[in-house]
Amino acid sequence: MRAYATFAFTVLVIVVLDQITKSLVLANLMLHETRVLVEGFINLVHVRNPGAAFGLLADTPELFRRSFFIIVTVLVMILVLFYFWHSRIYAARPTIALALILAGGGGNLIDRIRFGEVVDFLDVYLGTYHWPAFNVADSAISVGAVLLFLDLFRGESLKAKG
């Protein structure tokens, strides 16, 4: 039961944090506006990503792109929920990892439904190298995937040892 509470709490916190940060960006930055947070390292920006990671499929027709990403995101979220529910995961790290992936998908899904694209606002860079702009939801998906990969790479069981 504790794993379910941890899972639900993590999803709720990440989705709320994602939507609050995006609302703040929408309210305080014009589209394509940039503010330096840490000189030479990170900017706060307001950009929109109609595609997937790194702008994948951004140039496809809007109706196809919007429908495709909404359907794929919903299917992935259902698979994550199904896997979590039926695998009986009790260990903290995979529980949180799956919750982060679900929450990140949910946060970006809200944007796709509302705007047809995702609001991104963090621009990390070193010198002239810029990582593509991202948001809290993107970060949650990435951290969740890394945590799952570490468990698989280490060959650790997803179930708590008891």
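Biologist: How many helices and strands does the secondary structure of the chain come to?

Modeller: In this predicted model, the secondary structure of the chain amounts to four helices and four strands, and when these elements are read along the sequence they follow the pattern α-β-β-α-α-β-β-α.

Biologist: What does the radius of gyration of the chain say when it is set beside the globule rule?

Modeller: The chain has a radius of gyration of 17 Å, which is close to the 15 Å that the globule rule gives for 162 residues, so the chain is as compact as a globular protein of that length. The C-alpha trace spans about 50 × 40 × 25 Å along its principal axes, and 40% of the 162 residues count as buried.

Biologist: Among contacts between residues at least 6 apart in sequence, what share joins residues at least 24 apart?

Modeller: That share is 67% for this chain.

Biologist: How should I read the crossing of H1 and H2, and at what angle do their axes cross?

Modeller: The axes of helix H1, residues 2–28, and helix H2, residues 62–87, come within 11 Å and cross at roughly 160°. Since angles over 145 degrees count as roughly antiparallel, H1 is therefore roughly antiparallel to H2. As for handedness, H1 passes H2 in a right-handed crossing.

Technical notes: Residues are numbered from 1 along each chain as its sequence is written. This is a predicted model: local features need pLDDT of at least 70, side-chain atom pairs count only at pLDDT 80 or more; totals for chains, interfaces and linings use all residues. Side-chain values use heavy atoms; hydrogens and water are left out. Axes are lines fitted to C-alpha atoms, for helices over the stretch in contact, and angles run from 0 to 180 degrees between N-to-C directions. Helices (H or I, at least four residues) and strands (E, at least two) are DSSP runs, numbered from the N terminus. Angles under 35 degrees count as roughly parallel, over 145 as roughly antiparallel, 65 to 115 as roughly perpendicular and the rest as oblique. A crossing is left-handed if the near helix is turned anticlockwise from the far one by less than a right angle, and right-handed if clockwise. The radius of gyration is taken over C-alpha atoms; the globule rule is 2.2 Å times the number of residues to the power 0.38. Buried means under 20% relative accessible area, exposed over 50%, partly exposed in between (1.4 Å probe, protein chains only). Contact means heavy atoms within 4.5 Å.
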